Amino acid sequence: MKIAVAKGDGIGPEIMQAVLNIFDANKVGLEYEYVDMGKWVFDKGFSNGMTPDAQKSIEELGILFKGPMETPKGKGVKSVNVTARKTWNTYANKRVFQSLHGVDTVFSKAGINIDITIVRENIEDTYGGIEHMLTHDVALGRRFITRPGSNQVIRYAFEMARQKGATRITCGHKANIMKLTDGLFLECFYEIAKEYPDLKSDDKIVDDLAMQLVVRPDQFDVVVMTNLQGDIISDLCAGLVGGLGFAPSANIGDHISIFEAVHGTAPDIAGKNIANPTALLLSGLAMLRHLGYMENAAVIENALLYTLEQGVRTGDFGDRSKTAMNTSQFADAIIANFGKMPASNARPMLANTPFTPAVCHLDRNPMLVTREAQQEKIVGVDMFIESVEQPEVIAKKCVHHGGTKFKLISISNRGTQVWPTGSRYTNLVNQYNLRFETLNEMPLTQQDIIGLYVSLSPDFKVCSLELLNMWDGKRSYLLAQGQ
Ligand code: NAD
């Protein structure tokens, strides 16, 4: 079977070589097609950080094993890592954090065993990078949480939890504050949970989750989260088991999957052959299991665990009184330990059942839609304007703009209502939200909204607008703080 391999930037080529040497020494039956991705590809003028040939190979092979890649700073280019995950819809980011014997942490010293799998939504949320400066002082980012996107990752998490033999699955969220976005994710979680009565499903507000993970990490099993919160919490979990050098990552999609370490290119130690290849090796082992190379994965992982138990280390971890090995020596030590079993957490030896992923060739982009609203009506609009005037002055100016169709309901600044009621102690920035609603409960049209925009424009610069809809009698927007 052939997979695409991108060596990456910084320490990428060194740790990738170490891992592939381990695979080859264990006679894993994989062929590698090396593809061009990373900073040097950006530098050659490919704005997405990969060549068209690389994209074609990855789409044909369906599996990408990649080293870390650098995002050039300040050139307006997006991260190739994020682009790859989004382009190929690898919607579930799975990260396994397990205590490793030989990697001392405060928890291992206290005899607390950690085995947490974080499944992070990988495509949506603020990672869409849809951000605008509304005024010189005000930046606005859009956060997309969708029902189909949430369903995909949550269903993956439940299936994976069942396969893993997990007993508990927890949804981390902030739905108490972000009621529509995180609220939708949480709603999808409990909807899907009904299909998995064998698993204990619960939820935790993300700040409480962070605290609980630090205080009692052994109470968690599988945790599923939205993208940004999952990004932060998964690095916290990496810290619980010894740092980024031990954090693998699998980006799973329906057609293409990407396996990589969580850490970056480590420019401070690049080219010195001293980086720790363990995180990339663990990611590679997840890839071998994903492809059915169960026996190879078990032999290599047991050798890795045995090696760690012997106190063998690279410079970033372990007993500082022992000499650190370099990257290739560390890989050789693992190879020399093939066939050895660790004293704790030995992986079961299952037979190889390799399979080639069926990469179906798509001639159109899949459209994911769940259910359309039966009844939809526009009942108002939020007009985001630039102004340095006081709220009551703005309100006065708006009186004649409403005409026969709209009434001004509230004015808010950074989400806090400042008119018709509010407080003089609310600091203002030069960007307001004027909320207009329909005057006579009559549904509004898009032309009505444009009419209001045109009417407001001589008095205010309208930076952005958002429709206020009612779907099947339910409000599709939140009230401002204090409204
Ligand atoms: P980093 O993870 O590269 O480094 C943070 C610290 O951890 C450094 O001190 C580094 O030496 C150490 N470190 C990381 N991996 C190590 C390893 N395998 N062995 C030993 N020590 C290791 O994070 P950063 O410095 O914030 O990012 C550097 C670059 O990597 C940036 O351009 C960033 O965009 C990129 N990055 C890429 C990915 C990815 O490809 N998935 C992920 C994160 C960061």
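Here is a short walk through a helix pair, a sheet and a cavity in this predicted model. Residues are numbered from 1 along each chain as its sequence is written. Because the model is predicted, local features need pLDDT of at least 70 and side-chain atom pairs count only at pLDDT 80 or more, while totals for chains, interfaces and linings use all residues.

Let's start with two helices (DSSP runs of H or I, at least four residues). H8 covers residues 206-215 and H9 covers 227-240; they pack at about 10 degrees, with axes 10 Å apart. That makes H8 and H9 roughly parallel, a label for angles under 35 degrees. Contact here means heavy atoms within 4.5 Å. H8 brings Val 206, Leu 209, Ala 210, Leu 213 and Val 214, and H9 answers with Gln 229, Ile 233, Leu 236, Cys 237 and Leu 240. Nine of these residues are nonpolar, one is polar and none is charged.

Next comes an open sheet of six strands, ordered S15-S14-S16-S13-S17-S18 with antiparallel pairing. Strands are DSSP runs of E, at least two residues, and two of them pair if DSSP finds at least two bridges between them. S15 (416-419) and S18 (474-475) sit at the edges, each pairing on one side only. Between S13 (376-386) and S16 (431-438) there are seven bridges; Glu 386 has Gln 431 in S16 as its bridge partner. Helix H14 (446-456) packs on the sheet, touching S13, S14, S16 and S17.

Finally, look for the largest cavity among Ser 99, Leu 100, His 101, Leu 305, Glu 309, Ser 344, Asn 345 and Arg 347, which line it. Its lining has two nonpolar, four polar and two charged residues.

Technical notes:
Side-chain values use heavy atoms; hydrogens and water are left out. Axes are lines fitted to C-alpha atoms, for helices over the stretch in contact, and angles run from 0 to 180 degrees between N-to-C directions. Angles under 35 degrees count as roughly parallel, over 145 as roughly antiparallel, 65 to 115 as roughly perpendicular and the rest as oblique. Ala, Val, Leu, Ile, Met, Phe, Trp, Tyr, Cys and Pro count as nonpolar, Asp, Glu, Lys and Arg as charged, and the others, Gly among them, as polar. On a 1 Å grid over the protein atoms alone, a cavity is a set of points where a 1.4 Å probe fits but cannot get out, and a pocket is an open set with protein on both sides within 12 Å along at least five of seven lines; lining residues have an atom within 4 Å of a point.
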